Amino acid sequence: MITKTIEMPEVSRCDASVCAYNSENGCRARAVTIGDGAFPGCDTFLGSGRVSATESAGVGACKVAGCKFNAEFSCKADAIIVATASAPPACQTYAI
Ligand code: SF4
Ligand code: SF4
């Protein structure tokens, strides 16, 4: 395994408690992928299992080119919030 040090926007909060990567309203995946077309849903959502990591995730990729924070399918926001206000869980930082 190699070690990579890269800057990514943090997933500062996620309320999707049923997701395997969620712990105490935080995302514990190493990185998430957001979006598919126009909808900024969390593509990394996993409905079964549970991880034991404690560090917050970063946004590794985002496929929502129409968001004002998107540049070449990467997120340039400082941080994002994911919530279940819509289903599936989606990026609430999305803006046009
Ligand atoms: S829904 Fe997405 S952002 Fe939220 S905990 Fe799961 S993988 Fe992380
Ligand atoms: S803020 Fe915009 S670019 Fe960043 S993850 Fe959310 S939808 Fe994608």
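Author: Residues are numbered from 1 along each chain as its sequence is written, and chains are lettered from A and ligands numbered from 1 in the order in which they are written. Because the model is predicted, local features need pLDDT of at least 70 and side-chain atom pairs count only at pLDDT 80 or more, while totals for chains, interfaces and linings use all residues; side-chain values use heavy atoms, with hydrogens and water left out.

Reader: Why is Asn70 called buried?
Author: Buried means under 20% relative accessible area, with exposed over 50% and partly exposed in between, for a 1.4 Å probe and protein chains only. Asn70 has a relative accessible area of 14%, and therefore counts as buried.

Reader: What makes β4 and β6 paired strands?
Author: Strands are DSSP runs of E with at least two residues, numbered from the N terminus, and two strands pair if DSSP finds at least two bridges between them. Strand β4 (residues 31–36) and strand β6 (residues 58–62) have four bridges in the parallel sense, so they pair, and Ile34 stands opposite Cys62 in β6.

Reader: How do you know that β4 also pairs with β5?
Author: Two bridges join β4 to strand β5 (residues 39–42), which therefore meets the requirement, and the two run antiparallel. Asp36 stands opposite Phe39 in β5; β4 and β5 form a hairpin with two residues between them, and Gly37 in the turn has a positive phi of about 80 degrees.

Reader: What makes a residue part of the shell around ligand 2, and which classes occur there?
Author: A residue is near a molecule if one of its heavy atoms lies within 4 Å of it, and the residues around ligand 2 include Ile34, Cys62 and Asn70. Ala, Val, Leu, Ile, Met, Phe, Trp, Tyr, Cys and Pro count as nonpolar, Asp, Glu, Lys and Arg as charged, and the others, Gly among them, as polar; on that basis the shell has nine nonpolar, two polar and no charged residues.
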